[in-house]
Amino acid sequence: MSKTVDAPEATPEVFESPSFTFNWRDLAGWQADGIQFSTSSNEAVKMYDALLHQAIYHYNDGQLGGFSGTTAKMTEADPDFAMGKIFGLGLDCFATNPKKNEEPRKKLIDFSAKAKNQNLTKYEADHLRAAELLAIEDYWGAMEQFQEVLKTYPKDPYSLQMAYFLALTIGETPRLYDIPASVVKYYDPSTPFYGHVFGKICFGEGERGNYDASEIAGRKALDHFPLDNWAHHALAHNFEESGRALQGRNFLLNSARDWTTGTTFSHHIWWHTALFHVQLGEYESALQLYDDKVGPMTLKDGGNFPLSDGSSLLMRLHLEGVNIGDRANEQAKGWVKHNDDFVSLFYDGHNSFCSLLAGDAAANQKLLENMREFVNGDRLGWNKDVTTNVGIPLVEGITHFMDGEYTEAVEKMAPIMPELQKKIQGSKAQKDIFRQILLHAAVKSNTKQNLDLVMDILNNKLVESKLKEHTPLNQRFLDRMVAVHETQG
Ligand SMILES: [Fe+2]
């Protein structure tokens, strides 16, 4: 049936562009979610909420002056706001070398001593305990403590964020599902971070190979709040792990406007975009993305997490036989100041291969010497245990690989790889770089035993990922290996 000329056009539905605009909770708002503070300042707790939103959604609120401006406003509202201090000091201590970063630890000890005479609420006292565990690098204990806080305060976004992030840090993969799943029933669409809890579930489901459930949770998160960059990121992991590189690349490129609105995590999602290019054999595009986004952003930040992204991308391209020119040099310079951090073996492994990619054997040697001192020193905690067990063979194995001593590289890395993949920090996609180095070393050593090892590793990866087919990258690797092997008879 044709439309008459006079028929009015249907009014198009108007959707507002999403933005990082929230109603910060005052004391009554927090109370409604079951959380009490010792301060009487509504403004201080609103700024605490604003800090949590910026940390969890990875953005800087321009009107509040970003994270530091918000912290200043919170302190101005109530200079003695206990939870503000516990939050700030805990994070200042976290993931830093106690010997290089004594000041916040002294302040935390001081605060704890005085806190005995203050009327901290249970919520604040529970969080103080968690901050103290962060300060002594007891990440396992801190994760458990944050989970304990969640039992009393299931709608506490800070405990959820920290318990979850610590689980990722110490390789407790099953908890990436268990932790958000334990609180989701307490949330409804009006609760702050409602969608985000599903974003967290999306990543947890994806990491344990439940790709359909993961995708449903991720889509739900984005329906609720399209700017949730963690949910975009979680879906990217799903597509990476399930071998859907084309879908992943298109998803990220098509939604870039949303996930780049929050700026403090976007370098990592650009890294994921580049990873899809590598999976698809689109090396020019991956290199271009390094030059346009990943390289400049990670070098400008200079932190060990951004540098691990930049260095990992260059190493992946190098392993694929792509000429990366002298791009590793600037990354390697960035790593120098982290040469004695020892906050995570995951970073130290990246530091090692990046220095060697840049041709700086002395920096790598220095890292190894510092690592031996760290292992024999008096620091404690999760990273000390992991580095003691697998750190030295990892760096020695990487060194052999980069020196062309492939048999020796396999001898060092093969025995530790299962424990390394299980225990060190990071997602499966991130940690895979070390497995890839071992695979390349095994193929290049060209012994029957090591070629069998390659088949074992790739087949185990299939089972672990719950896949029927290899990812494009692994299939290409396998094809090349079989071709070379057949040529050699
Ligand atoms: Fe990631």
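What share of the contacts between residues at least 6 apart in sequence join residues at least 24 apart? In the protein this share is 61%, with two residues in contact if their C-beta atoms, placed from the backbone, lie within 7 Å.

## Model and numbering

This is a predicted model, in which local features need pLDDT of at least 70 and side-chain atom pairs count only at pLDDT 80 or more, while totals for chains, interfaces and linings use all residues. Residues are numbered from 1 along each chain as its sequence is written.

## Overall form

The protein has 26 helices and zero strands (DSSP runs: H or I of at least four residues for helices, E of at least two for strands). Its C-alpha trace spans about 80 × 75 × 35 Å along the principal axes. Of the 489 residues, 48% are buried, that is, 20 or more other C-beta atoms lie within 10 Å of their own, C-beta atoms being placed from the backbone.

## Domains

Domain 1 covers 27-172 and domain 2 covers 282-487; the bounds come from an automatic or database domain assignment. Their C-alpha centres lie 34 Å apart. Domain 1 gives 12 residues to the contact and domain 2 gives 13.

## Nonpolar core

The largest nonpolar core has 132 residues (buried Ala, Val, Leu, Ile, Met, Phe, Trp, Tyr and Cys joined through C-beta atoms within 7 Å). Those touching the most other members are Y48, F146, A163, L166, C202, A274 and L438. Both domain 1 and domain 2 give residues to this core, so it lies between them.

Beyond its neighbours within four places in sequence, C202 contacts S214, A217, G218, A221, A231, A234, L235 and N238.

Technical notes: A residue is buried if 20 or more other C-beta atoms lie within 10 Å of its own, exposed if 12 or fewer, and partly exposed in between; C-beta atoms are placed from the backbone.
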